[in-house]
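Hello,

Here is the structure I promised to pass on. Please open it first, then read my notes below.

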Amino acid sequence: MKNILIGLILIFNFINMVWADQKEILDYRKLAEEAFQNKDYDKSIEFYKRLIKIDEKHAWAHYMLGRIYGEKGDWDNCIFYSKKAIELDPNNFRPYGNLGWALTEKNQIDEGINFLKEAIRLNPESAAVHNKLGYAYLKNGIDYLEPSHP
């Protein structure tokens, strides 16, 4: 009977700990998103990093850090967090778009174009990624629009 009681206490404590972590993750995500919407990028970065300390495999937080660093023009951090987001969630087109954009801005245009094409393969409807790909082609001197006939 004593072993059952100890087991139940351990299970209860574990469930309580997981629930508390999930609540904290949701709180940090909400705060980070509010800061991002207000263009308070430094505060948003702070909250997303706190979230990652709780859940290091939180793909959305890594994606958003890549996006925010891109907005700030910090291409190295944009690349770092976008690659991590892709590693955690390879089917999300968004970090591929971030990564392609950052590489293009760092004049690694061919590599950037490859990541942008992968983003489009994953989500052909994304106008933002198509725009970034057009920018990459323009920056590279390649005509984005192919002639409709020879």
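D76 and K106 meet through their side chains in a salt bridge, 2.4 Å from N to O. This pair links distant parts of the chain: D76 sits in helix α4, K106 in the loop between α5 and α6, 30 residues apart. K106 is partly exposed, at 31% relative accessible area. Keep in mind that this is a predicted model.

How many salt bridges does a search of the whole structure find? Eight. One of them joins K72 to D42, with the closest N and O atoms 2.4 Å apart. Here too, distant parts of the chain are linked: K72 lies in the loop between α3 and α4, D42 in helix α2, and 30 residues separate them. K72 is partly exposed, with a relative accessible area of 40%.

E87 and K84 form another, their closest N and O atoms 3.3 Å apart. They are three residues apart in helix α4, so about one helical turn separates them. E87 counts as exposed at 56%. K84 is partly exposed at 26%.

Now to helix α7, residues 127–140. Its 14 residues reach 20 Å from first C-alpha to last, close to the 20 Å expected. Its buried residues are V129, L133, G134, A136 and Y137. They cover an arc of only 160° around the axis, so they lie on the same side of α7. What covers them includes α5 and α6. The face turned away from the buried side carries exposed N131 and L138. Just after α7, G141 takes a positive phi of about 80°.

Best wishes

How values were computed
Residues are numbered from 1 along each chain as its sequence is written. This is a predicted model: local features need pLDDT of at least 70, side-chain atom pairs count only at pLDDT 80 or more; totals for chains, interfaces and linings use all residues. Side-chain values use heavy atoms; hydrogens and water are left out. Helices (H or I, at least four residues) and strands (E, at least two) are DSSP runs, numbered from the N terminus. The expected span of a helix is 1.5 Å times one less than its number of residues. Buried means under 20% relative accessible area, exposed over 50%, partly exposed in between (1.4 Å probe, protein chains only). The arc is that of the directions from the helix axis to the C-beta atoms. Contact means heavy atoms within 4.5 Å. A salt bridge is a side-chain nitrogen of Lys or Arg within 4 Å of a carboxyl oxygen of Asp or Glu.
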